[in-house]
Amino acid sequence: MKPSHSFFLILFLMAQASQAYFEAVPWGLNTEITGLDLSDTVSVASNEYASAALKRDGSVVIWGADYGGGNSDAVQGQLTQVQAIVATNSAFAALKGDGTVVIWGREQDGGNPDPAVEADLVNVQAIVAIY
């Protein structure tokens, strides 16, 4: 039996200093997210196994099963100045402000790009995931 990743993440629109942002409030029985700092969340990307929350400061909070992209240890230091996040079945991609893309997760679902492809991921304007 695979672990359950069922929960709701309620995003409350807040206004502060002329900027809109969301406050994330977990709702459900998923204890994996207890204790995570999800304040100032602006967007969330999820798949069946893991989630990634993009915070207003460009940092990313990740949780869930390792095999679903819930472990970003190999790239965590690169997850700064992130502008957008997308998820595939069990991998994630983050677009940074400098136009580079950081990818992590299960290799079969795009989480471990070929080094030649990764080197070409510069000056990227937008990212989209389809699964």
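Figure 1. With a relative accessible area of 2%, L54 is buried (under 20% relative accessible area, with exposed meaning over 50% and partly exposed in between; 1.4 Å probe, protein chains only). The model is predicted: local features need pLDDT of at least 70, side-chain atom pairs count only at pLDDT 80 or more, and totals for chains, interfaces and linings use all residues. Residues are numbered from 1 along each chain as its sequence is written, and side-chain values use heavy atoms, with hydrogens and water left out. L54 lies in strand 4; strands (E, at least two residues) and helices (H or I, at least four) are DSSP runs numbered from the N terminus. Neighbours within four places in sequence aside, the contacts of L54 (heavy atoms within 4.5 Å) include D40, T41, V42, S43, V60 and I85. The C-alpha atoms of L54 and I85 are 7.1 Å apart, although 31 residues separate the two along the chain.

**Figure 2. Close-up of K55 and its polar partner.** K55 belongs to strand 4, which spans residues 50–55. K55 counts as buried because its relative accessibility is 11%. Its side chain makes a polar contact of 3.1 Å with the side chain of D37; such a contact is a pair of N or O atoms within 3.5 Å, where within protein one must be able to donate a hydrogen and the other to accept it, and residues adjacent in sequence count only if both atoms are side-chain atoms. Beyond four places in sequence, K55 also touches S39, D40, T41, V42 and V61.

Figure 3. S46 has S51 of strand 4 as its bridge partner.

**Figure 4. Nonpolar cores.** A nonpolar core is a set of buried Ala, Val, Leu, Ile, Met, Phe, Trp, Tyr and Cys residues joined through side-chain atoms within 4.5 Å. The largest has 15 residues, of which A52, V60, L79, V82, I85, F92 and W104 touch the most other members. At least two residues of this core come from each of strands 4, 5, 6, 7 and 8. A second, separate core of 7 residues includes V86, L95, V101 and I127.

**Figure 5. Confidence along the chain.** The mean pLDDT (the predictor's confidence in each residue, from 0 to 100) is 78 for the chain.

Definitions and conventions. Pairing = 2+ DSSP bridges.
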